[in-house]
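This briefing is intended for a reader who is meeting the structure for the first time.

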Amino acid sequence: MNIKDLLDGENRTSLFKQDCIRGKFDISGKIVKGSDSLTGGKTSFPDSLYNLLEYDDAESYLKKLSAGIPEKSHIFTLKTSPPVKVYWKEEKVAESLYYNFEAYPLDDDSVIKTYESHALLFGLQSGLPDLLLITEANGDIVYINPAGLKMLNIDKSQIANNFNIREIITNINNLDSILSRLKHGHVIQEIEVNFSRKESEDLIGLSSIFSLVRNETIYICFHVVDISERIRNFSEHMQNSIQLMNINEDLKNTQSRLLSQEKMASIGQLSAGIAHELNNPLGYVFNNMSVLFNYMKDLNNFVDHVRALYSSTDCDNLSLSNLKSMDENLDLDYIFGDLKELKNETEEGIKKIRSIINSLKSFSRKDSVLSFSPSNINESIKDTLVVLLGEYKYKIKVETDLGNIPDIFCNGLELNQVFLNILKNSIDAIKSENRVDMGLINIKTLKENSEIHIIFSDDGPGIPEEIKNRVFEPFFTTKAVGTGTGLGLSIAHDIIVNKHGGSISVEPLEKGAAFHIRIPFEEELESEA
Amino acid sequence: MKTILFVDDEINILKSMRRLLSVSEHGFSCEFIEGGEKASEYLNENNCDVLISDLNMPGVNGLMLADKAKKINPDIKVIILSGDAGPELQQNKAVDSVMSKPCEINLILEKINWLLR
């Protein structure tokens, strides 16, 4: 019996018949029927399981059977001489106390050890959708499974006549060295082996190659998965994925360009107002400096005269009265009086400039782009209002009702952007009404349980119910083309919802709209703060 | 003596302007008024030759004030001081000149003299 016969399946039944014992026993272990192909009928068949099996095995086996503990199979050693190790299976005879049994000797040298593995292997090689090819050590093909014959477009009859695998492998030059390596028990995995075939392109196969030993004969087994289609599609797939990667890259670029465009748009729109707010104090600081130099000139002049007088020898009454009239002409009393005011007003201007610049800085701190740190939302709102002052101060009154809220762990820079975007929208909405009276924006902050609740309400035109749910969508805008990117509120939504785990919504008011933002925070920070 | 009315909503600007004009040599009588509304009332009752006003002010802004001043006295010269002087401002009939802000007092005085020549 060689492996070829075995795999062909034709001799399978005789193989099993020849090599097995079978019979029938009852639950007490009494064998009522038995045939023995192993002993060739030379000796009589044992009348009890206790005489066939090792005593302990028989005892525990019968116990298990009577307890109804199912076991698929057993391995026992028969009390033959020499002892034979068998694979043992029983099946209960319906409505009786009898069991049919079958036992197959286990051959340690055999690749295929048991009935089940025979059956499995047979099913496997005939049902396997891949190519299974077995050669002798010299490469002569002894077996190709049905799927393999089809794949290679080979007739089964071809295999009989010294058909060597070298005739059909097209891409391996060092097959000999591979085969000799395999003889020593190596396994080669995932090697690409191509096979020529009639009237068709080569089969490109991903192969595992290993050796089998049966009856001291070495066989080489090729398991080949057909990847021809895959390889042919691969370049197409590659091209597709490169294209997709490019598209993805483009999208990312577009996204970051849009985000920076949105930032640039707001910087551009705000800079005029901020410049105006800086110009006013700069203007009067500048004017005051001119006046200060003028005063200094007068004071210098006077001091020069005083010094000339006390260094000269003729310090008489006339010189002193000259000095007095000079004092009066220069109006030094006025100068000294005004200097105080001038100093105060100039200081005020410089402080204003400094505060605007500080607020601007809180919008541009590079180091905090990604960082969360404890900060106070009220301060963020104040900074945002300073930056926006030039945008609203002539048209809108802004009232703030900033509650006593704790510092929370947040990204202050991003929250500034949220507040800026919402307030800018409100300001633009109110301005779009071209009304005579001043508009009104109210900002309220409060602590509710473990959330900071921020409400921005305005008395602008409001948001129509039908678009209420769309205002946070990217690119949704009601502003004229070119005036808004449509990203302001979607960025706000992203920052509040995705980055701070909060919520943002808009509610209509009798006149205008109210944006509600809720940002959760950890209570511990509050007690530390 | 020609009178000049300075209008701004920022009191410190007016104060610095007054200070500056008090140490400069010119020959004008200068008046300083905070905000467009008060200036508008002033123009109802007082005559002046030149109006120098800020553009952006709450309530009555520079342009509204210019319109009003020209209605009361078509000969009045109007200078608008503004940080952002767009073309629509230059073309406005009520405005004789637009100057960027902040502006040196000498340039303002030169402009006044030129407008009154």
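## The interface of chain B and chain A

Four salt bridges are counted between chain B and chain A. The model described here is a predicted one. The points below treat the interface, then a sheet in each chain, and finally some local features of chain A.

**Salt bridges and polar contacts between the chains**

- One salt bridge joins the side chains of Asp338(A) and Arg19(B), with an N to O distance of 2.7 Å.
- Eleven residue pairs are found in polar contact across the interface of chain B and chain A, both residues of each pair being at pLDDT 80 or more.
- Helix α1 of chain B, residues 11-22, gives the largest share of the side of chain B that touches chain A, namely eight residues.
- By residue type, that side of chain B consists of eight nonpolar, five polar and seven charged residues.

**Extent of the interface**

- In total, 20 residues of chain B are in contact with 21 residues of chain A.
- The size of an interface is often expressed as the accessible area that is lost when the parts come together.
- Between them, chain B and chain A bury about 1,800 Å², and 54% of this area is on carbon and sulfur atoms.
- Asn12(B), Arg19(B) and Val23(B) account for 33% of the area that chain B buries against chain A, more than any other three residues.

**The sheet of chain B**

- Chain B has an open sheet of five strands in the order β2-β1-β3-β4-β5, with parallel pairing.
- The edges are taken by β2 (29-34) and β5 (97-100) of chain B; each has a single partner strand, so one side of each is left without a neighbour in the sheet.
- On average, neighbouring strands of this sheet are turned by 20 degrees against each other, direction ignored.
- Strand β1 of chain B, residues 3-8, pairs with β2(B) in the parallel sense over six bridges. Within this pairing, Leu5(B) has Glu31(B) in β2(B) as its bridge partner.
- Helix α1(B) packs on the sheet and touches β1, β2 and β4 (77-82) of chain B, its direction making about 170 degrees with that of β2(B).
- Helix α3 of chain B, residues 62-72, also packs on the sheet; α3(B) touches β1, β3 (50-54) and β4 of chain B, and its direction makes about 165 degrees with that of β3(B).

**A five-stranded sheet of chain A**

- In chain A, five strands form an open sheet in the order β12-β14-β15-β17-β16, and the pairing is mixed.
- The edge strands are β12 (396-402) and β16 (503-508) of chain A, each of which pairs on one side only.
- From one strand to the next, the twist averages 15 degrees.
- β16(A) runs antiparallel to strand β17 of chain A, residues 513-520, and six bridges join the two. Val506(A) has Phe515(A) in β17(A) as its bridge partner.
- Helix α11 of chain A, residues 377-392, lies across β12, β14 (439-448), β15 (451-458) and β17 of chain A, and runs at about 175 degrees to β12(A).
- Helix α12 of chain A, residues 412-432, lies across β12, β14, β15, β16 and β17 of chain A, and runs at about 150 degrees to β14(A).

**A hairpin in chain A**

- Strands β8 (residues 188-197) and β9 (residues 200-214) of chain A pair in the antiparallel sense over seven bridges. In this pairing, Phe195(A) has Leu203(A) in β9(A) as its bridge partner.
- β8(A) and β9(A) form a hairpin with two residues between them, and Glu199(A) in the turn has a positive phi of about 55 degrees.

**Salt bridges in the whole structure**

- Over all chains, a search of the whole structure finds 29 salt bridges.
- Glu347(A) forms a salt bridge with Lys343(A), in which the closest N and O atoms are 3.9 Å apart.
- Both Glu347(A) and Lys343(A) lie in helix α10 of chain A, residues 332-361, where they are four residues apart, about one turn of the helix.

Methods:
Residues are numbered from 1 along each chain as its sequence is written. Chains are lettered from A and ligands numbered from 1 in the order in which they are written. This is a predicted model: local features need pLDDT of at least 70, side-chain atom pairs count only at pLDDT 80 or more; totals for chains, interfaces and linings use all residues. Side-chain values use heavy atoms; hydrogens and water are left out. Two strands pair if DSSP finds at least two bridges between them. Axes are lines fitted to C-alpha atoms, for helices over the stretch in contact, and angles run from 0 to 180 degrees between N-to-C directions. Contact means heavy atoms within 4.5 Å. Buried area is the accessible area (1.4 Å probe) that two parts lose on being put together, summed over both. A polar contact is a pair of N or O atoms within 3.5 Å; within protein, one must be able to donate a hydrogen and the other to accept it, and residues adjacent in sequence count only if both atoms are side-chain atoms. Ala, Val, Leu, Ile, Met, Phe, Trp, Tyr, Cys and Pro count as nonpolar, Asp, Glu, Lys and Arg as charged, and the others, Gly among them, as polar.
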